[in-house]
Amino acid sequence: MKIPLLDLAAQYRTIKGEIREAVEEVFESQRFILGPRVAELEERIAAYCGVSRAVGTASGSDAILLALSALGIGPGDEVITTPYSFFSTVSSVTRLGARPVFADIDPRTFNIDPARVAGSIGPRTKAILVVHLYGQTAEMDPILDAAASRGIPVIEDACQAIGARCRGRAAGSMGLAGCFSFFPSKNLGGAGDGGMVVTGDDSLADRIRVLREHGARRRYYHDEVGINSRLDAIQAAVLLVKLRRLDEWSEGRRRNAARYDELLGAAEGVVTPAALPHNRHIYNQYVIRAARRDDLKEHLQGAGIGCEVYYPVPLHLQACLSFLGGKEGDCPEAERAASETLALPVYPELTAAMQDEVAGAIGRFYAGRPGTDRAGKD
Ligand SMILES: *Cc1c(COP(=O)(O)O)cnc(C)c1O
């Protein structure tokens, strides 16, 4: 049995008719940029998060870039963020000429450690960019408190966490602005790239709206230099169909995560991911720590089981960021995570039998009988 890391074809089969109809409607209208479907999606996502405004963008990366840009962040400014995330968390900061300051992660959740955030605030700190990694929110209250006492805005990179909650509050709604990605592998994924910023601050939303269309409030009259980063109508049409299923799909992921917790909780060599009790984790990824991680990964892939390392290199050690002077030992927890983590298939269509197979293959690896998987593979 082949078990992919993610099976979007299985998902598509369940919604094919509705997707085709929604896309066809956009083709009939021939309105491909922004338009009524994008406006409707913006309203729905804002309501889903319990905030007043949302602005569609061309990607999650652009959502982060535009949110920071709208705050006026630039050269000479510092932005505190996590060293353990997808690359565009940090590239959004450096692209604006600002300096990322890395606060190491909490080893239980892989999310930024609030105590280290507070300790990293200095006179040049202009924002705190928090990431809700793998679908679990960071510990927001101490971060929001530290930020509020100094008047520093908090931006949430919630690209992996749409629908996640922290003490009842939606991911993306707790800081000044939240950023989502609709990259196909996210819990709410489009048919290509897409993203969105949500905020309760109307003037910030207006500013982002202008910046995503070349900085022009009136067409061809440019008050400032913006970019072209709009959401396509086709993406919005697809996402509106999928948004109706989002909670059901995330529940499926949560059920599968709970099943893995049971299957792997006592397994040798494996540490299952911690979900803090006050959080609703939506498991965009189910990520274990594994002894001899690289060998386990090779073993699972050899047995036809999809798995992936998110992320093998912490951000402070990325080659293109060497100008920041980051070195090994700066963020030991992020570095350890980078060498130990492995994501397993957790998508909602995954069956209990498939999960048994994954857990069995892991068990055989640590029992020193990995060969039985290769031999038994069909
Ligand atoms: C996916 C992701 C992004 C970027 O989103 P894109 O839509 O691919 O540009 C940013 N941050 C995190 C944490 C992500 O997972």
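# Exercises: rings, gaps and confidence

Under the ring-pairing rule, with centres within 6.5 Å, this predicted model holds nine aromatic pairs.

**Exercise 1.** Classify the pair formed by Phe27 and Phe32, and state how exposed each ring residue is.

*Solution.* 
- Step 1. Take the geometry. The centres of Phe27 and Phe32 are 5.6 Å apart, with 70 degrees between the planes.
- Step 2. Apply the cut-off. Planes over 60 degrees apart count as edge-to-face, so Phe27 and Phe32 form an edge-to-face pair.
- Step 3. Phe27 has a relative accessible area of 40%, and Phe32 has 30%. Buried needs under 20% and exposed over 50%, so Phe27 is partly exposed and Phe32 is partly exposed.

**Exercise 2.** Work out why the pair of Phe110 and Tyr134 is edge-to-face, and which parts of the chain the pair ties together.

*Solution.* 
- Step 1. The ring centres of Phe110 and Tyr134 lie 5.5 Å apart, and the planes stand at 75 degrees, so the pair is edge-to-face.
- Step 2. Locate the residues. Phe110 sits in the loop between strand 3 (99–102) and helix 5 (114–120). Tyr134 sits in the loop between strand 4 (125–131) and helix 6 (140–148). The pair therefore ties together parts that are 24 residues apart in sequence.
- Step 3. Phe110 and Tyr134 are both buried.
- Step 4. Widen the view. Ring pairs join Phe110 and Tyr134 with Tyr84, Phe86, Tyr310 and Tyr311 in a cluster.

**Exercise 3.** Describe the largest pocket and the largest cavity.

*Solution.* 
- Step 1. The largest pocket has a volume of about 450 Å³. It is lined by 29 residues; Phe86, Phe183, Ser185, Lys186 and Tyr311 are the closest to its centre.
- Step 2. Helix 3 (60–70) and helix 4 (87–95) are the elements that give two or more residues to this pocket's lining. Helix 3 gives the most, with three residues.
- Step 3. Fifteen residues line the largest cavity, with Leu8, Gln11, Lys186, Asn187 and Arg253 nearest its centre. Helix 1 (8–29) and helix 9 (246–264) each give two or more residues to that lining.

**Exercise 4.** Decide where the coordinates should not be read in detail.

*Solution.* 
- Step 1. Start with the whole protein. The average pLDDT is 96, and 97% of the residues score at least 70.
- Step 2. Residues 374–378 have a pLDDT below 50. Beyond near neighbours in sequence, the stretch has six contacts in the model.

Technical notes:
Residues numbered from 1 in each chain as written. Predicted model: local features only at pLDDT ≥ 70, side-chain atom pairs only at ≥ 80, totals over all residues. Heavy atoms only, no water. Phe/Tyr/Trp six-rings, centres within 6.5 Å; stacked < 30°, edge-to-face > 60°. Buried < 20%, exposed > 50% of the residue type's maximum accessible area, 1.4 Å probe, protein only. Helix = DSSP H or I, 4+ residues; strand = E, 2+ residues; numbered from the N terminus. pLDDT = per-residue confidence, 0-100. Contact = heavy atoms within 4.5 Å. 1 Å grid on protein atoms, 1.4 Å probe; cavity = no way out; pocket = protein on both sides within 12 Å on 5 of 7 lines; lining within 4 Å. Points joined across faces, edges and corners; volume = space filled by probe spheres on them.
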